[in-house]
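Here's a quick tour of one model, taken a piece at a time. Have a look at it first, then we'll get into the packing and the contacts.

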Amino acid sequence: RLALSCTRSPQEAEDICQTVFLKLMEHPNIIPGKEKSWLMTVTVNRCKSYLRDIRRTETQLPEDLSYLAKDELDLMQAMLGLEEKYRLPLHLHYYEGYSLAEIGKLLRCPAATIGSRLARGREKLKQILGEDFYEE
């Protein structure tokens, strides 16, 4: 989900996940209990490398998203429309459960900046989805 949130491309997200898990197999000496943090950091870094190499201008979602509820699909489309600096903190905080400090370490910026980006990202989502979406 993190790779998809970063790349906006299901195929590229799958490739990045495969690359990250291959790196995990090559580095078996990861500190016990820190595996998830390591995976998230490597995924974010790999996504940044991908985005640096290939700039995407359009978001293409998979054709068949019938397994998602309408609200969840609307939210996913709205999130994918956000800039990366808002999309990543929102994803890491709400989908992965990271704290502001942990997200700051992953993205290499202060926790206060992450808090600001979360607030601005929520506001942008509210504008895109409308007030009705948040009241349900």
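A residue counts as buried when its relative accessible area is under 20%, and as exposed when that value is over 50%. Keep in mind that this is a predicted model.

With that cut-off, Ile114 is buried, because its relative accessible area is 0%. You'll find Ile114 in helix 7. Leaving aside residues up to four places away in sequence, Ile114 touches Pro89, Leu100, Ile103, Gly104, Leu107 and Cys109. As for Glu102, twelve residues from Ile114 along the chain, the two C-alpha atoms are separated by 9.8 Å.

Now for helix 6, which spans residues 100–107 and has Ile103, Gly104, Leu106 and Leu107 buried. Those four sit on the same side of helix 6, because they cover an arc of only 165° around the axis. In general, an α-helix has 3.6 residues a turn, so residues three or four places apart point the same way. And what lies over that buried set? The cover for the buried residues of helix 6 includes helix 3 (35–53), helix 5 and helix 7. Just past the end of helix 6, Arg108 has a positive phi of about 55°.

Helix 5 and helix 7 also meet each other. The axes of helix 5 (residues 84–95) and helix 7 (residues 111–129) come within 8 Å and cross at roughly 100°. That angle is why the two helices, helix 5 and helix 7, are described as roughly perpendicular to each other. On the helix 5 side, the contact uses Lys85, Tyr86, Pro89, Leu90, His93 and Tyr94. Helix 7 brings Ile114, Arg117, Leu118, Arg120, Gly121, Arg122, Lys124 and Leu125. Sorted by type, the residues of this contact of helix 5 with helix 7 come to seven nonpolar, two polar and five charged.

Last up is charge pairing. How many salt bridges does the structure hold? It holds one. Glu96 forms a salt bridge with Arg1, and the closest N and O atoms are 3.6 Å apart. This pair links distant parts of the chain, 95 residues apart: Glu96 is in the loop between helix 5 and helix 6, while Arg1 is in the segment before helix 1 (2–7).

| Residue | Relative accessible area | Class |
|---|---|---|
| Glu96 | 15% | buried |
| Arg1 | 60% | exposed |
| Ile114 | 0% | buried |

Key:
Residues are numbered from 1 along each chain as its sequence is written. This is a predicted model: local features need pLDDT of at least 70, side-chain atom pairs count only at pLDDT 80 or more; totals for chains, interfaces and linings use all residues. Side-chain values use heavy atoms; hydrogens and water are left out. Axes are lines fitted to C-alpha atoms, for helices over the stretch in contact, and angles run from 0 to 180 degrees between N-to-C directions. Angles under 35 degrees count as roughly parallel, over 145 as roughly antiparallel, 65 to 115 as roughly perpendicular and the rest as oblique. Contact means heavy atoms within 4.5 Å. Ala, Val, Leu, Ile, Met, Phe, Trp, Tyr, Cys and Pro count as nonpolar, Asp, Glu, Lys and Arg as charged, and the others, Gly among them, as polar. Buried means under 20% relative accessible area, exposed over 50%, partly exposed in between (1.4 Å probe, protein chains only). The arc is that of the directions from the helix axis to the C-beta atoms. A salt bridge is a side-chain nitrogen of Lys or Arg within 4 Å of a carboxyl oxygen of Asp or Glu.
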